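My notes follow in the order I looked things up.

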Amino acid sequence: MMKISRKKIVDDFRAMIRIKTISKDDIRKMDMGEFAAFRKLLSDRFPVIKEMAEVQVIPPTGILFKIKGESADAPSVLMAHMDVVPADQEGWTCDPFGAEIKDGRIYGRGTLDTKGTLCAIMEAVEYSLGRGWKPKNDLYLSFGGEEEVSGETAGNIAEWLGKAGVRPAFVLDEGGAVIPEGVPGLKRKTAMVGIAEKGTANYMLSVRGQGGHASTPPRHTAIGKLAKAAVRLEEHPFPARLTTPVRLMFREIAKEVPVYERAAFANANLLEPAIKTMASALGPTFNAMVRTTTAVVIFEGRSAFNVLPDRAAMGVNVRMLEGDTPESVRGELMRRVKDPEIEVDLIAGTPPTSVSEIDCREWEMLKKVIRKVWKDVPVGPYQLNGGTDSRFFSEISNHVYRFTPMEMTAKERATVHGANESISVKNLLKTVLFYRLLLEEL
């Protein structure tokens, strides 16, 4: 019988971290050899999965394992992404691809986002299969390589599954985590599970100006007009409102707070005006949960000090709430800018995902496993402000959940995409335990 090996888990994980699977907006600039090496690592280091699974390589970077179950009626998908963001920020005290171990922590890009969960999935499945376990239903392991740049692999995997007639009964991808500090109103360790994602769209706002020499400027330059538009967007944000995921979050948290606070959470509808008024004061994370947000991220004009730009442009990133679309937001941006000379062009955008069900067996199953690992911790649904690969799976499943099965402090969460990203060995092993217990339920 196969035994779980702490050393194997750590060695496999460190090998994954050392492969530089860096994704880039321009896929032609990605080192595809690194991604091929990562897929080979999965084949070499997990021989039981290799022997028992059907494997599909999904272009441009993905790999999909199918472990046949006793039934195909209610298949499950476990997801993670192998790609990482660059590690060229200042502040690293070790090689970001060296997988060094210091004080019980493994350091490296991707340790938290998300090679840790990818490794844990593989270790749990390898161990379980080696002990003679077989899933009740077909199980798919889906790993893409362009999540950080919103690439196409995850969409291609979802499309492949859809064409094969696979309608997953359960999908689990990265997302919330076990938060030691809790959430507002529930000041104890809490597991937050994403049940929806905001939509994302990029817009380019541009305006023509009077070019010429900077010594004789007009009253308003092209950049000046855009600067005023940027201020208007910040001073006139989209209105706060409670969407379905936020209402469900309040409903579920109401079950966990002290009795004297329960009525306030359970009656979020009655308190909606107060909640919306307090949104900004409760911090940027909560504010983003209840508001379509805009962020000016690019400004373009002339690069010389003595030349007036004849055209200027600024890029705006928008994260949309349920009910908004890239097209409707474009109209709202035009109304808020209040300048007919400024053109607003939609560059690219995806609408918000559907909201996954929580009054169902799949949600209760996930809660059960979380509480086995973290001892009856409260579990709350919420809406992700960012995006994950699982957004594509919302088109083929009503039960897409976004949860990174790790306990992460605010300090640790701040290292994701930052310097000195790391995970404790203890946390990694606990993540493997989570997936082992989850497999018993699938």
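Entry 1. I started with helix H4, residues 115-130, and helix H14, residues 425-439, in what is a predicted model. The two pack at an angle of about 50°, and their axes lie 8 Å apart.

Entry 2. From H4 I have Gly 116, Thr 117, Ala 120, Ile 121, Glu 123, Ala 124, Val 125, Tyr 127 and Ser 128. From H14 I have Leu 428, Thr 431, Val 432, Tyr 435, Arg 436 and Leu 439. Sorted by class, the contact of H4 with H14 has nine nonpolar, four polar and two charged residues.

Entry 3. Next I looked up H4 with helix H2, residues 32-45. Here the packing angle is about 25°, with the axes 11 Å apart. H2 is therefore roughly parallel to H4, as the cut-off for that term is an angle under 35 degrees. H2 passes H4 in a right-handed crossing.

Entry 4. Which residues of H2 and H4 meet? I found Phe 38, Leu 42 and Arg 45 on H2, and Lys 115, Leu 118, Met 122 and Glu 126 on H4. By class I recorded four nonpolar, no polar and three charged residues for the contact of H2 with H4.

Key:
Residues numbered from 1 in each chain as written. Predicted model: local features only at pLDDT ≥ 70, side-chain atom pairs only at ≥ 80, totals over all residues. Heavy atoms only, no water. Axes fitted to C-alpha atoms, helices over the stretch in contact; angles between N-to-C directions. Helix = DSSP H or I, 4+ residues; strand = E, 2+ residues; numbered from the N terminus. Contact = heavy atoms within 4.5 Å. Nonpolar A, V, L, I, M, F, W, Y, C, P; charged D, E, K, R; others polar. Parallel < 35°, antiparallel > 145°, perpendicular 65-115°, else oblique. Left-handed = near helix turned anticlockwise from the far one by under 90°.
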